[in-house]
Amino acid sequence: MEDKLYKILSIDGGGIKGVFPASFLTSIEESVGGKICEHFDLIVGTSTGGIIALALGAGISSKEILEFYEKDGPNIFKGTKLLRFFRHLGISKYDNAALKKALETKFGDKKLGDSCCRLVIPSLNLENGEVYVYKTAHNPRFERDYKVKMVDVALATSAAPTYFPTHRSAAGLPLIDGGVWANNPMGVAVVEALGPLGWQKGEFKILSIGCTQEPLKIKAARKLALGLGYWSLKIVDAMMAGQSSFSLGTAQWLAGHENVFRVNPVVSNGKYKIDLVKEISSLKGMGDFEARKALPSIRHFFDTKSEPFEPSHKL
């Protein structure tokens, strides 16, 4: 009898750049048939990737998710350039009213426990600085999160500092974007597999989809000690690059290089931004193009469907 091989899907954060993984998965879905969630035993997503993961778990097709970004993205990131600039100085660049309304339309009253697949969605608790990770009931110890509405989970994981306001959970916890510590959640996914799920190295493989990456442009400064004026504009880029590299290395080491597949095309600096909605069509085209290239090497993720998810606790 052939040994069981579990499959994991990991999706990065990136705001409107979530169009790329949504388009990528749409093309894959059209090629292999069925829905993406039917082919994976665990889906992990952060921020915009968390929204996609929740939608996949809710049984929503990748095509519908892509249409969500195309239709609602411009309204979520709306406002004049001048207004956004002045808002950004003192408060969040956008309020989350349009995002919340769009999520409510898409998810309704669905809860995490309605997911047809195991889900892991990172966030951060501002009250004490501890990570806050939403999980379906795929372990007997996870007996609370499955009762939380998907809309609340989505708002928490996507509350990007300076872009959207902090999200208050039903219990009153101030939660922000999981991207501040796990924008690339591959490492989180592998730890979940080896820990709570009890899968062993060699028993699972992971497909990771980013939201595009830019070359890191930071001065080496051999003779000049750069200060706040320079680093205030670059520190986030450096931290994000370091976190993603560490997450990828962690996944490769713990799961085995041969079991890790990463899709994250390099683009020119400044080409795409978290809220640059005018590039939606470009991101969509790139997603389709990269899926066409990648399909032969990742088709083994879709040759068979995963066994139905049976949670430890049910609604």
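This is a predicted model: local features need pLDDT of at least 70, side-chain atom pairs count only at pLDDT 80 or more; totals for chains, interfaces and linings use all residues.
Colleague: Where does α10 bend, and by how much?

Modeller: The bend is about 35° and falls at Arg292, with a proline, Pro296, following within four residues.

Colleague: Which residues of α10 are buried, and what do they pack against?

Modeller: Among the buried residues are Ile280, Leu283, Met286 and Ile298, and the buried residues of this helix pack against α1 (19-32), α3 (62-76), β7 (204-209) and β8 (260-263).

Colleague: Which residues touch the most other members of the largest nonpolar core?

Modeller: That core has 62 residues, and Leu9, Phe24 and Phe107 are the ones that touch the most other members. Helix α10 gives the most to this core, with seven residues.

Colleague: Which residues is Leu9 in contact with, leaving aside its neighbours within four places in sequence?

Modeller: Its partners include Leu25, Ile36, Phe40, Leu56, Leu207 and Ile209, each having heavy atoms within 4.5 Å of it, as contact requires.

Colleague: What makes helix α8 mostly covered?

Modeller: Of the nine residues in α8 (residues 186-194), seven are buried, and these are Met186, Gly187, Val188, Ala189, Val190, Glu192 and Ala193.

Colleague: Why is Cys37 called buried?

Modeller: Its relative accessible area is 8%, and because buried means under 20%, Cys37 belongs to that class.

Colleague: How do you know that Cys117 is in no disulfide, and is Cys117 buried or exposed?

Modeller: For Cys117 the nearest cysteine sulfur is again that of Cys116, at 6.3 Å, which is not within the 2.5 Å that a disulfide requires. With a relative accessible area of 2%, Cys117 is buried.

Colleague: Why does Lys106 count as partly exposed?

Modeller: Lys106, which lies in helix α5 (residues 97-107), has 27% relative accessibility, and because buried means under 20% and exposed over 50%, this value falls in between.

Colleague: Which residues does Lys106 touch, not counting those up to four places away in sequence?

Modeller: Lys106 touches Ile60, Glu64 and Phe68, while Phe24 is 20 Å from Lys106 in space, C-alpha to C-alpha, and 82 residues apart from it in sequence.

Notes
Residues are numbered from 1 along each chain as its sequence is written. Side-chain values use heavy atoms; hydrogens and water are left out. The bend at a residue is the angle between axes fitted to the seven residues ending there and the seven starting there. Helices (H or I, at least four residues) and strands (E, at least two) are DSSP runs, numbered from the N terminus. Buried means under 20% relative accessible area, exposed over 50%, partly exposed in between (1.4 Å probe, protein chains only). A nonpolar core is a set of buried Ala, Val, Leu, Ile, Met, Phe, Trp, Tyr and Cys residues joined through side-chain atoms within 4.5 Å.
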